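Here's a structure to walk through together. Have a look at it first, and then we'll take it piece by piece.

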Amino acid sequence: GQPLGPRRLSLKPVPKLPNMEAFLREALVKVKKQARGFLAPELCFQAVRAATEKPFAEGVRRERELFQVLLTSGQAQALQYAFFAERAVHRWATPRGASWSSAAPQPVRRAAVIGLGTMGQGIVTCLVKANIPVVALEQDLEYLNKGRKAVMVLLEREAMKMEGGAQKLDFHNPAHLQFTVDFDLLRDVDLVIEAVFENMALKKEIFHKLSNICKPGALLCTNTSALNIDEIASATSRPQQVIGTHFFSPAHVMRLLEIIYGRHTSPTAIATAMQLAKALKKVGVVVGNCFGFVGNRMMFPYVQQAVFLLEEGSRPEAVDQALEDFGFKIGPFRMSDLAGLDVGWRSRKGQGLTGPSLPAGTPALQRHGQRYSPLPDLLCEQGRFGQKTGKGWYRYERAGGRTATPDPWIHSFLSQYRDTHRFKTRYIDQEEILERCLFSLINEGFAILAEGIASGPEHLD
């Protein structure tokens with residue numbers, strides 16, 4: 001029975017809620033933790049805070065001020081650049097004149113993945129999610145069964161996230177996903193992705209086999225993170241069909257797919273790999289062939305500087321914190337523990353930088369006239385491979401654990417190491433950590449551009 005007067009919410013007083021201060025305090029801590037180094041989420045929080053404290057008109061005014069700050073910030077420019085760079089990279093070109101505008105992809109109706117380790121499991125998951133039928137191959141039944149179990153766990157998880165769930169991902173149907181130890185089942189696939197571990201002899205043996213078994217038009221891809229694509233292709237009778245497809249770990253999550261062409265790779269092969277990236281909802285970036293390509297080649301000097309900082313007096317947690325506060329999702333040492341320290345160790349042994357093939361009399365802290373740190377090698381010799389063994393640069397609650405805790409063992413190990421090699425320990429501030437790690441990353445990027453390995457800065461970014 002009351003008159004229907006105007007009910008304009010903006011004119012009502014802002015209600016005072018109990019525990020508001022405590023609630024906002026907690027919210028800010030959460031925002032800062034989830035978006036370290038990012039301006040926008042923090043200013044969004046300030047806008048909401050203003051809405052709880054001020055009348056409507058003043059709150060809106062405050063929001064506009066905050067927005068102006070963001071609009072003109074360096075971070076806004078960087079995010080806009082990243083947005084357009086991601087769109088620019090589908091226009092690829094090679095120094096020999098092949099490009100996106102003239103090359104047409106082949107259809108991929110059926111794919112195969114060789115090797116069901118961590119990378120292979122993730123790649124199979126990607127293909128199944130993209131509705132591409134897959135043959136998953138391992139060397140023997142024991143590895144096959146282990147791999148199958150892991151893939152099924154991943155697919156169940158992915159199905160839970162999707163609307164319509166497992167019905168949409170029909171992965172129990174052998175026509176969509178088949179596990180085998182028989183190479184003959186690869187006769188009619190359009191594309192094979194080899195994902196065995198980084199060993200040149202093993203990869204060449206597999207590619208030799210594939211070039212005898214697969215149909216003539218099939219694309220032969222290698223998921224290598226650093227090995228020479230041309231050398232792998234030399235084991236086949238069809239080097240024009242060989243291409244690098246470097247997935248980043250975990251393969252079913254990370255959006256980047258580095259596509260590496262060799263000396264003989266055909267434009268059609270590049271276009272097909274790019275089309276595959278699109279089907280897998282990944283950002284494909286076409287780059288040239290050199291040790292480590294672009295992603296890992298830029299990471300080498302970055303992680304190396306981080307290790308030099310430890311030699312001079314820093315700690316893994318201090319270096320990681322500086323880079324995470326700056327905005328990296330994960331610092332170099334937590335990243336190394338996650339990826340597995342043994343991966344880099346195997347690669348350095350292969351290059352003769354450490355291990356039995358290191359020439360006698362090589363100075364401990366030098367290789368090929370350049371500064372070298374044996375620290376990561378020493379950790380691996382102690383069986384500290386990172387999360388998988390429960391200890392690396394950090395300690396974990398168990399093998400395979402995820403929570404990194406600073407490790408007193410590492411601290412005393414580092415001080416003994418500094419004494420042995422006569423390093424003077426000094427305090428290293430955040431600014432120096434940031435500059436040394438970031439500038440070495442950026443400088444390597446310039447070297448890659450200068451060599452024509454990447455065709456533009458957007459590809460690196």
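Across the interface of domain 1 and domain 3, three residue pairs are in polar contact, both residues being at pLDDT 80 or more. A polar contact here is a pair of N or O atoms within 3.5 Å; within protein, one must be able to donate a hydrogen and the other to accept it, and residues adjacent in sequence count only if both atoms are side-chain atoms. Keep in mind that this is a predicted model, where local features need pLDDT of at least 70, side-chain atom pairs count only at pLDDT 80 or more, and totals for chains, interfaces and linings use all residues. Residues are numbered from 1 along each chain as its sequence is written, and side-chain values use heavy atoms, with hydrogens and water left out.

So where are these domains? The chain is split into domain 1 (10–72), domain 2 (111–289) and domain 3 (295–355 + 364–459), with bounds from an automatic or database domain assignment. Taken over C-alpha atoms, the centres of domain 1 and domain 3 are 38 Å apart. Where they meet, four residues of domain 1 are in contact with six of domain 3, contact meaning heavy atoms within 4.5 Å.

Together, domain 1 and domain 3 bury about 360 Å², 31% of it on carbon and sulfur atoms; buried area is the accessible area (1.4 Å probe) that two parts lose on being put together, summed over both. On the domain 1 side, R36, G37 and F38 lose the most area to domain 3, together 92% of what that side buries. There are also two salt bridges between these domains, counted when a side-chain nitrogen of Lys or Arg is within 4 Å of a carboxyl oxygen of Asp or Glu. The side chains of R36 and D325 meet in a salt bridge, at 2.7 Å from N to O.

Now for the inside. The largest nonpolar core has 63 residues, and I114, L186, L210 and W393 have the most contacts within it. Such a core is a set of buried Ala, Val, Leu, Ile, Met, Phe, Trp, Tyr and Cys residues joined through side-chain atoms within 4.5 Å, where buried means under 20% relative accessible area, exposed over 50% and partly exposed in between (1.4 Å probe, protein chains only). Domain 2 and domain 3 both give residues to this core, so it lies between them. A second, separate core of 44 residues includes A159, L257, M274 and L280.
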